[in-house]
Amino acid sequence: MGTSFLADAPKLVEPVGSATQLILAFVVGISVIVVLITLVKLHPFLALIFGGLMVGLTAGENLTAVLKSFSDGFGATAAGVGILIALGAMFAKLLADSGGADEIVDTIVGAASPRALPWAMALVGAIIGLPMFFEIGLVLLMPVIYLVARRSQQSLITIGIPALAGLSAMHGFVPPHPGPLTAVGLLGADLGVTLGLGVLVAVPTIIVAGPLFGRLAGKWVVVAAPDTFDTDPEALRAHGKRPRFSVTLGSVLLPVALMLGKALVDIFIDDKTQWFRRIFDAVGTPLVALLIAVVVGTVTLGRGAGMDRAAVTKCIESSLPPVAGIFLIVAAGGGFKQVLVDTGIGTMLARWAEGVHISVLVLAWLLAVLIRLATGSATVATITASSLILGLVQGMDSGELSLVVLAVGAGSLFFSHVNDAGFWLVKEYFRLSVGQTIKTWSIMETVLSVSGLAMVLILDIFV
């Protein structure tokens, strides 16, 4: 099965200063953020603004250019991720207040032993993460993660890390996520082969970075599950019943099915004017799929649990204040990332790595790692690294090209830190400090990345 698309290569941003100056700007910006949050106790939203300004000014850009970069990144992230966070929070609150989350958790906890729960959560994360963007999957899963941790009396980290590993691995390794899909198009790899090999790489990496690492991380960082998505006792007394498990599961999987359907239709139907594809192109976009899920959820979850119209309205209204701070922090993280991108530090590091004479697979991984560390974006790292190695993959067969795509995907997951909007999303939802987030989420991403590369190199022996 070949590809019928080719994404345009991104335009590389020329470095605005010398290598020394750009590296200094990168170090200064990150240090400012960490010091302001950990020592000064400044709110992360403000710390990210100051960090972005310091990066741009230290790199030699004028204040106007730095402010424009930050604003562009803030706006793009708010428009993309922010709306999804709001819709996801509405659905998650409906799931919690209707008793639907309790129904799912009772089923999971009842069917699995305490030792098996992290493995079950890894599987749930992988299934939800197959068609969904990481941010959407995280928001939808948080009520379940909280309740499973509380009911099983296990660390929130022990339960949550496996689910995060499942979500993140699918985002990095398996099409139809935007990074792998674009890399497939740029490098001319076979989509079907990449999908199959991507699953082979993802499964063992999820096991290592999920349940196995989660057990260690749960001992390093012990945090209790917050009560953000606890069922509202007043609402529960008002309707007095839960939606059935089948109805609840169907409501949760509805946006998953819509997005997966769009991905499959895009792969198998080339004609963009065909009515069937046009329908899925509309309803399968993340924003529309989540909007549909919220509307359907008001009936299947809210009214299905006996909540009247006023109770449903109150439930949805109460979902937004708790995520307002998360929205601002994630958007500011996007602004900080854009300042880094516009300084050209990613381009500088990529050109440096091109001069290193090593295996194409390792080079592809290293390029993605450097760009990921510099810009904070897995997708930017994947697309840019793929563009830079085009001249090195000529003459490779289908399997080898797919492994290069997966090596790039593995590198794009490496060590998420303060310039990644996902870092702040995890930090705020799990109520962690910056240090705790690094010891759990950041190291988990690194384990995913390194074990992913190891799997790619092992497969290279046989492909």
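Setting aside residues up to four places away in sequence, Phe 430 touches Leu 138, Met 142, Ile 145, Tyr 146, Leu 156, Ile 157, Gly 160, Leu 164 and Val 223, where contact means heavy atoms within 4.5 Å. The model is a predicted one, in which local features need pLDDT of at least 70 and side-chain atom pairs count only at pLDDT 80 or more, while totals for chains, interfaces and linings use all residues. Residues are numbered from 1 along each chain as its sequence is written, and side-chain values use heavy atoms, with hydrogens and water left out.

The largest nonpolar core has 139 residues, and those with the most contacts inside it are Leu 138, Tyr 429 and Phe 430. Such a core is a set of buried Ala, Val, Leu, Ile, Met, Phe, Trp, Tyr and Cys residues joined through side-chain atoms within 4.5 Å. Buried means under 20% relative accessible area, exposed over 50%, and partly exposed in between (1.4 Å probe, protein chains only). Helix α6 gives the largest share of this core, 13 residues.

## Helix α6 and Ser 152

Ser 152 belongs to helix α6 (residues 134-152); helices (H or I, at least four residues) and strands (E, at least two) are DSSP runs, numbered from the N terminus. Ser 152 counts as buried because its relative accessibility is 17%.

A polar atom of the Ser 152 side chain lies 2.6 Å from the backbone oxygen of Val 148. A polar contact is a pair of N or O atoms within 3.5 Å; within protein, one must be able to donate a hydrogen and the other to accept it, and residues adjacent in sequence count only if both atoms are side-chain atoms. Apart from its neighbours within four places in sequence, Ser 152 is in contact with Leu 117 and Ile 159.

## Helix α20

Eight of the nine residues of α20 are buried: Ala 421, Gly 422, Phe 423, Trp 424, Leu 425, Val 426, Lys 427 and Tyr 429. Just after α20, Arg 431 has a positive phi of about 55°.

## Aromatic pairs

Rings of Phe, Tyr and Trp (its six-membered ring) pair if their centres lie within 6.5 Å; planes under 30 degrees apart count as stacked, over 60 as edge-to-face and the rest as tilted. The count by this rule is eight aromatic pairs. One of them is the edge-to-face pair of Phe 45 and Phe 74, at 6.4 Å centre to centre with 65° between the planes. Phe 45 lies in helix α2 (residues 44-59) and Phe 74 in helix α3 (residues 63-97), so this pair ties together parts that are 29 residues apart in sequence. Phe 45 is partly exposed at 22% relative accessibility, and Phe 74 is partly exposed with a relative accessible area of 22%.

The pair of Trp 365 and Phe 414 is edge-to-face because the ring centres are 5.9 Å apart and the planes are at 90°. Trp 365 sits in helix α17 (residues 360-375) and Phe 414 in the loop between α19 (398-411) and α20 (421-429), 49 residues apart. Trp 365 and Phe 414 are both buried. Phe 45, Phe 70 and Phe 74 form one aromatic cluster.

## Lys 41

Lys 41 is in the loop between α1 (19-38) and α2, and is exposed with a relative accessible area of 65%. The Lys 41 side chain reaches the backbone oxygen of Thr 38 at 3.0 Å.
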